[in-house]
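Me: I'd like a quick tour of this one. Can you walk me through it?

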Amino acid sequence: MVTPVLPHQNNVQQIGYKLLSMLNFKGKRGEEVARTLISACLWNDSVENKSRVYDVSPQTVRNYVEEQGVEVIEKLLEQVRKMSLEVLKGVKEIDVSIDWTTKTWYGKTVEGLGSSEEGNSWNYATATTKFDGKVLLLAFVTLVKGMTKDEVVKALVEQVVAMGFKVRLMTLDAGFYTVDVLNFVSQFKYVIAVPVGDVKVYQEFDGEYETNSKRHRKDEQVEFRLLVYSEEKAKRKKRTLVYFARATNLNLPKGEVLDLYNKVRGPIETSHRNIKAFLPFTSSTKFVFRTLIFVLAIVLYSLYTVFKGEVRREQFRILLILLFSDDLFYLKDFLFKSIESLINIDLFSRR
């Protein structure tokens, strides 16, 4: 049987202790609350369902999070930054990808959201970098009502600079394409995705472009190098050209600029999927509760990156499930569902 090299049991146990120490809720049921939240992430299950495993009521879990959640979230994010700094030890200049993602919740609305008046969608923005094949989270911002896009970008960049890094190149998602953001990022080397409908250039293009925002005066408009390229896509059984645009201040050949954007920003999509793979469910409509479980999913993803290359995500998940033995009652069904990822794997191997 082929047996890959897996993390030693001591390393996995250290991760478990680290998780519990980060979720340091005060109170006599604090540890049960922490184990409930971690278990829900590992099983990608509901917090309410997992609370039964640890003999704690869902309302008790909600009370602990609502009362202590803000402080715990800050501790979790600080640990994520420390893990990234450890991997980046000695690195001074980095390429940064700034992006945001949306999580839609169904059921009752949640107050305090940024982009959805209905309260069913929650946005968060991140600044990440890729190093040694690992996507590392450096900064995190929750989008709340009233925040402008340039404020979000500034907050993320401030966090990155505060960690001691110099930004070598910045890439941004098309959602950040505004005059104010362009004005701010112009102090760095940047490439930002541009909605083609905003520039209305539907042909191969490489030249100077000036914004024409109606919300800004003429002297507030921004000039930049606009790159437009096309890709053939299949749509309704027909092949058609789809155009994409990028804004940049780089003085490099067009192909090199486009490759740089894909190289720096591309990995973030995979990291988003991995983060959401650890995201549990909840019936709580409290913003702090949903923020905490999302940040906890980020923590689990960051811990997973430590062993990336040694284990796959599902193997990492199962190793931790085995550590939190209270959940072994449900392990059989989980293993059947994960049988494909367990082929040729000896979970009890040692280095």
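The chat below covers packing and aromatic rings.

Me: What should I know before we start?
Reply: This is a predicted model, where local features need pLDDT of at least 70, side-chain atom pairs count only at pLDDT 80 or more, and totals for chains, interfaces and linings use all residues. Residues are numbered from 1 along each chain as its sequence is written, and side-chain values use heavy atoms, with hydrogens and water left out.

Me: How many residues are in the largest nonpolar core?
Reply: It has 55 residues. A nonpolar core is a set of buried Ala, Val, Leu, Ile, Met, Phe, Trp, Tyr and Cys residues joined through side-chain atoms within 4.5 Å. Buried means under 20% relative accessible area, exposed over 50%, partly exposed in between (1.4 Å probe, protein chains only).

Me: Which residues have the most contacts inside it?
Reply: L19, L23, F25, L37, V299 and F316.

Me: Now rings. How are Y229 and F244 arranged?
Reply: Their centres are 5.5 Å apart and their planes at 25°, so the pair is stacked. Rings of Phe, Tyr and Trp (its six-membered ring) pair if their centres lie within 6.5 Å; planes under 30 degrees apart count as stacked, over 60 as edge-to-face and the rest as tilted.

Me: Are those two buried or exposed?
Reply: Y229 is buried, at 13% relative accessible area. F244 is partly exposed, at 25%.

Me: Which residues form one aromatic cluster?
Reply: F278, Y301, Y304 and F316. F316 also has a place among the core residues with the most contacts.
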